[in-house]
Amino acid sequence: MSAPTWAAGLCAGSAVWLLGARDLEARRARAVLGSGGQGRAGDWSWRRAVAAGRGRVRHEWWCLAAGLALSVMGDSVVPLVLGAAGVPLARRARRAAGARSARERRGDAVIELCGVLAGEVRAGRQPGEALRVALGEVKGADGGGAGGGAARSAVLAAARFGGDVPGALRDAARAPGAEGLLGLAACWRVAVDRGAGLATGLERLEAALRSERDQRGDLRAQLAGARSTAVMLAGLPLLGLLMGTALGADPLKVLLHTGAGLGCLVVGGVLEGVGVWWALRIVRGAEGR
């Protein structure tokens with residue numbers, strides 16, 4: 001097929017995608033406002049099917065779709081194989097991003113827990129009762145919150161029945177992002193054993209955790225430029241392929257159907273992967289420090 005034909009197909013697919021997204025938003029608005037529907041036949045329209053499929057398809061499968069499209073355009077199975085190989089890599093990146101987001105939510109929940117607990121103690125509640133109230137008020141305390149749902153239940157049980165609250169907090173601190181609960185456990189033990197002010201310690205702990213979070217956010221913002229530059233440089237070969245196609249050079253035929261082209265594709269792909277990995281490794285190392 002010619003390039004204009006593929007461009008027309010791409011535009012048509014984008015139009016279908018946008019119509020599905022627009023219909024999904026309209027359905028949500030009707031559900032909120034309580035307006036009437038279009039009947040059972042309208043509920044099973046093709047636009048609703050596209051919108052429903054869009055929410056179920058994981059992002060990593062776009063690698064396979066892109067490989068399939070390039071295989072058809074270049075009349076070669078190599079892009080399809082590369083797209084299939086990219087699916088697990090994209091899935092791993094998506095899961096890593098999800099784990100990082102969950103870790104940040106747990107850290108925010110721990111900071112909020114310290115602040116709410118300090119306020120409850122200042123208001124005159126006993127530490128055990130204050131902890132139960134604080135865990136009930138902190139948003140996201142279940143599941144992805146401060147330590148996870150099971151750990152939260154263990155802490156609540158220890159606070160309610162006079163158990164080992166510091167030990168339960170230390171167990172909850174094993175979840176990624178909930179390490180601040182170790183400081184809360186130390187404040188709790190010092191307050192119980194030595195009669196020190198629990199509220200004062202919690203306020204200082206909250207300030208320290210908040211300052212550490214702000215420093216990580218500033219560092220991440222400073223490194224965002226380096227990460228964006230690495231991703232942009234990684235996309236330059238694709239831009240070269242598009243420019244070559246626009247000029248009528250047919251780079252896919254050269255890359256996929258000649259020995260020199262396949263060699264350049266292999267060597268370039270390896271160098272591209274190593275370069276992106278090394279650049280992101282430097283960024284992650286800076287974030288870790």
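**View 1. The largest nonpolar core of the predicted model.** This core has 37 residues, and Leu-117, Leu-131, Leu-181 and Leu-184 touch the most other members. A nonpolar core is a set of buried Ala, Val, Leu, Ile, Met, Phe, Trp, Tyr and Cys residues joined through side-chain atoms within 4.5 Å; buried means under 20% relative accessible area, exposed over 50%, and partly exposed in between (1.4 Å probe, protein chains only). Two or more core residues come from each of helix 5 (78–122), helix 6 (127–137), helix 7 (149–161), helix 8 (165–172), helix 9 (181–194) and helix 10 (198–234). Helix 5 gives the largest share, nine residues.

**View 2. Surroundings of Leu-184.** Apart from neighbours within four places in sequence, Leu-184 is in contact with Leu-113, Leu-117, Leu-169, Leu-202 and Leu-205. Contact means heavy atoms within 4.5 Å.

**View 3. The aromatic pair Trp-277 and Trp-278.** One aromatic pair is found in a search of the whole structure. Trp-277 and Trp-278 form this tilted pair, with 5.9 Å centre to centre and 50 degrees between the planes. Rings of Phe, Tyr and Trp (its six-membered ring) pair if their centres lie within 6.5 Å; planes under 30 degrees apart count as stacked, over 60 as edge-to-face and the rest as tilted. Trp-277 is partly exposed, at a relative accessible area of 46%. Trp-278 also counts as partly exposed, at 46% relative accessibility.

**View 4. The protein chain and its helices.** The protein chain has 13 helices and zero strands. Helices (H or I, at least four residues) and strands (E, at least two) are DSSP runs, numbered from the N terminus. Of the 289 residues, 28% count as buried. Among contacts with a separation of 6 or more, 58% are between residues 24 or more positions apart. The chain exposes about 18,100 Å², of which carbon and sulfur atoms supply 63%; accessible areas come from the Shrake-Rupley method with a 1.4 Å probe, and for residues only the protein chains shown count as cover.

**View 5. Segments with pLDDT under 50.** Over residues 1–12, pLDDT stays under 50, and the model has four contacts beyond four places in sequence for them. Residues 14–44 also stay under 50, with 19 such contacts. The chain averages a pLDDT of 77, and 74% of the residues score at least 70. pLDDT is the predictor's confidence in each residue, from 0 to 100.

**Notes.** Residues are numbered from 1 along each chain as its sequence is written, and side-chain values use heavy atoms, with hydrogens and water left out. In this predicted model, local features need pLDDT of at least 70 and side-chain atom pairs count only at pLDDT 80 or more, while totals for chains, interfaces and linings use all residues.
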